[in-house]
Amino acid sequence: MKSEDWGIIEYALVDCNDPRKDALANGFDEIYANGGHLIVCLETQEPELFDRSITTISNDKWRLQKFLTSPSVVGSVAELGIPNLLEPPEHCVLGSYAFEGALTDTLIAGGCYETWKQTEDEARKIARDFVDMISENNRSNLLTFRILGNWTDWFDNLGCDTTFISCNFVTRKLWFVCTTDYD
C-alpha cells in the first residue's frame with residue numbers, strides 16, 4: 001500500500017460512554033478552563049483496506065498527512081477545522097507506555113492558567129485507565145502519533161497545544177485526544 005492510500009480509507013464516529021474516557025475529559029475540563037479538549041473515536045468502515053494498510057504505519061510523515069486530510073477524518077473531527085495540509089505536522093510516534101506517560105504529563109503540566117489540583121498518582125491512574133480502555137488491555141496493538149503545537153486554527157499556540165492520535169490495530173479504531181488553552 002502506498003502512502004496515498006491512507007487518504008482513501010473511510011472512518012465513522014463511534015460513541016464511547018465509558019467512565020475512563022469521562023475521567024480524562026473531566027481532568028482536561030479542570031485545567032483547560034479557557035480552552036478546550038476533544039476526545040473522539042473513529043472506526044474504519046473498510047476493515048480489509050485498513051488491515052492491509054497497517055503494515056505501512058511508521059514515522060512516515062506523508063501517511064499522517066494523508067490520513068489527517070482524508071474527507072471522512074476531516075468531516076468526523078470538523079471542530080478541528082483541518083486544513084488541506086501541504087506539509088504534514090511535526091510529530092513523533094509513541095508506544096502505549098510512552099503515550100500513557102505523555103498523557104500523565106499533559107494532565108500534571110496543566111493549562112496556561114489552571115494547574116492540576118489532584119495528585120500525580122491520580123493523573124497516572126486516569127492516563128493508565130484511558131490507555132487500557134482504548135487498547136482493550138492489549139497494549140501491543142496500540143501506536144500513537146503525537147503532534148505538538150497548533151497545526152489547525154482550533155489551537156491557540158500558547159504552549160498548551162497537544163494532539164494524540166492513537167491507532168488500535170485490532171479494533172480498527174483511532175482516537176483523537178486534543179488539548180488547547182486560549183488567551
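1. Basis. The model is predicted: local features require pLDDT of at least 70 and side-chain atom pairs count only at pLDDT 80 or more, while totals for chains, interfaces and linings use all residues. Residues are numbered from 1 along each chain as its sequence is written, and side-chain values use heavy atoms, with hydrogens and water left out.

2. Helix α1. Helices (H or I, at least four residues) and strands (E, at least two) are DSSP runs, numbered from the N terminus. Helix α1 covers residues 19-31, and its 13 residues reach 19 Å from first C-alpha to last, close to the 18 Å expected at 1.5 Å a residue; the expected span is 1.5 Å times one less than the number of residues. At the start of α1, a side-chain oxygen of Asp18 comes to within 2.8 Å of the backbone nitrogen of Arg20.

3. The covered face of α1. Lys21, Leu24, Ala25, Gly27, Phe28 and Ile31 are the buried residues of α1, where buried means under 20% relative accessible area, exposed over 50% and partly exposed in between (1.4 Å probe, protein chains only). Seen down the axis of α1, these residues fall within an arc of 155 degrees, so they line one face of the helix; the arc is that of the directions from the helix axis to the C-beta atoms. Their cover includes β2 (36-44), α5 (96-109), α6 and β6 (173-180), with contact taken as heavy atoms within 4.5 Å.

4. Helix α5. The 14 residues of α5 reach 20 Å from first C-alpha to last, close to the expected 20 Å. Its buried residues include Phe99, Leu103 and Leu107, and also Glu100. The buried residues of α5 pack against α1, β3 (91-94), α6, β4, β5 (162-168) and β6. Gly110 follows α5 and has a positive phi, near 75 degrees.

5. Strand β4 and its partners. Six of the seven residues of β4 are buried. β4 pairs with β3 in the antiparallel sense over four bridges, and His91 stands opposite Ile147 in β4. β4 and β5 also pair in the antiparallel sense, over seven bridges; Leu142 has Asn168 in β5 as its bridge partner. Two strands pair if DSSP finds at least two bridges between them.

6. Glu136 lies in the loop between α6 (120-135) and β4 (142-148), and has a positive phi of about 50 degrees although it is not a glycine. Asn137 is placed in the loop between α6 and β4. Asn137, not a glycine, has a positive phi of about 60 degrees. Asn137 is exposed, at a relative accessible area of 59%.

Methods: A polar contact is a pair of N or O atoms within 3.5 Å; within protein, one must be able to donate a hydrogen and the other to accept it, and residues adjacent in sequence count only if both atoms are side-chain atoms.
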